[in-house]
Amino acid sequence: MRPSEAMQSESMDEFEALVADAIDRLPPEFQQLLERVPVIVSELGEDSAAYGEYFGDGVARDFFEDRIVIYRDTLERDFGHDRELLSRQVEQTLLHELGHHLGFGEGGVEGLGL
């Protein structure tokens with residue numbers, strides 16, 4: 001493994017730990033929802049111009065597989081200079097995408113402050 005790959009792998013492990021911590025801070029009923037909704041860390045945020053995305057048809061339907069994607073590249077680009085700030089933004093992104101899973105549109109999750 002090249003040094004840059006080792007650094008990226010270590011950084012990915014640290015980032016995944018931030019995501020796991022954000023999940024652990026959720027109320028139990030939201031943690032239960034995520035038992036059926038995978039949370040995936042991806043490096044394609046710049047391509048999507050996003051910090052996260054929700055894919056699926058929501059908690060009330062079961063026609064499509066649900067998943068939440070958290071984009072490490074854009075979150076670390078914009079908030080990586082401060083670990084506490086990055087941690088808060090990871091948590092807010094997770095809540096935002098969870099709001100979509102619960103049926104809120106973009107205006108709805110923004111109206112909740114997410």
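Is Ser42 buried or exposed, judged by its relative accessible area?

View 1. Ser42 is buried, with a relative accessible area of 13%, where buried means under 20% relative accessible area, exposed means over 50%, and partly exposed lies in between (1.4 Å probe, protein chains only). This is a predicted model, in which local features need pLDDT of at least 70 and side-chain atom pairs count only at pLDDT 80 or more, while totals for chains, interfaces and linings use all residues. Residues are numbered from 1 along each chain as its sequence is written, and side-chain values use heavy atoms, with hydrogens and water left out. Ser42 belongs to strand 1 (residues 39–42); helices (H or I, at least four residues) and strands (E, at least two) are DSSP runs, numbered from the N terminus. The side chain of Ser42 reaches the backbone nitrogen of Leu44 at 3.1 Å, a polar contact being a pair of N or O atoms within 3.5 Å, of which, within protein, one must be able to donate a hydrogen and the other to accept it, and residues adjacent in sequence count only if both atoms are side-chain atoms. Leaving aside neighbours within four places in sequence, Ser42 is in contact (heavy atoms within 4.5 Å) with Val69, Ile70, Tyr71, Arg72 and Asp73.

**View 2. The salt-bridge network of Glu43, Arg72 and Glu76.** These three residues are linked in a network of salt bridges, each bridge being a side-chain nitrogen of Lys or Arg within 4 Å of a carboxyl oxygen of Asp or Glu. The side chains of Glu43 and Arg72 meet at 2.4 Å, N to O, and this pair links distant parts of the chain, with Glu43 in the loop between strand 1 and helix 3 and Arg72 in helix 4, 29 residues apart. Arg72 also forms a salt bridge with Glu76, the closest N and O atoms being 2.7 Å apart; because Arg72 and Glu76 are four residues apart in helix 4, they are separated by about one helical turn. Arg72 counts as buried at 6% relative accessibility, whereas Glu43 is partly exposed at 30% and Glu76 is partly exposed at 24%.

**View 3. The salt bridge between Arg25 and Glu91.** The structure holds six salt bridges, and in the one formed by Arg25 with Glu91 the closest N and O atoms are 3.0 Å apart. The pair links distant parts of the chain, since Arg25 lies in the loop between helix 1 and helix 2 and Glu91 lies in helix 5, 66 residues apart. Arg25 is partly exposed, with a relative accessible area of 40%, and Glu91 is partly exposed as well, with a relative accessible area of 22%.

**View 4. Phe15 and the largest nonpolar core.** Of the 19 residues in this core, Phe15 and Ile68 touch the most other members; a nonpolar core is a set of buried Ala, Val, Leu, Ile, Met, Phe, Trp, Tyr and Cys residues joined through side-chain atoms within 4.5 Å. Two or more residues are given to this core by each of helix 1 (3–24), helix 2 (28–34), strand 3 (67–71), helix 4 (72–79) and helix 5, and helix 1 gives the most, with five residues. Beyond its neighbours within four places in sequence, Phe15 is in contact with Val41, Ile70, Tyr71, Arg72, Leu75, Glu76, Leu86 and Val90.

View 5. Ala49 is placed in the loop between helix 3 (45–48) and strand 2, and counts as exposed at 72% relative accessibility. Phi of Ala49 is near 50°, a positive value in a residue other than glycine. Most residues other than glycine have a negative phi. Glu65 lies in the loop between strand 2 (52–55) and strand 3 and is exposed, with a relative accessible area of 61%. Apart from its neighbours within four places in sequence, Glu65 is in contact with Phe55 and Gly56, while Glu65 and Pro38, 27 residues apart in sequence, are 9.4 Å apart in space, C-alpha to C-alpha.
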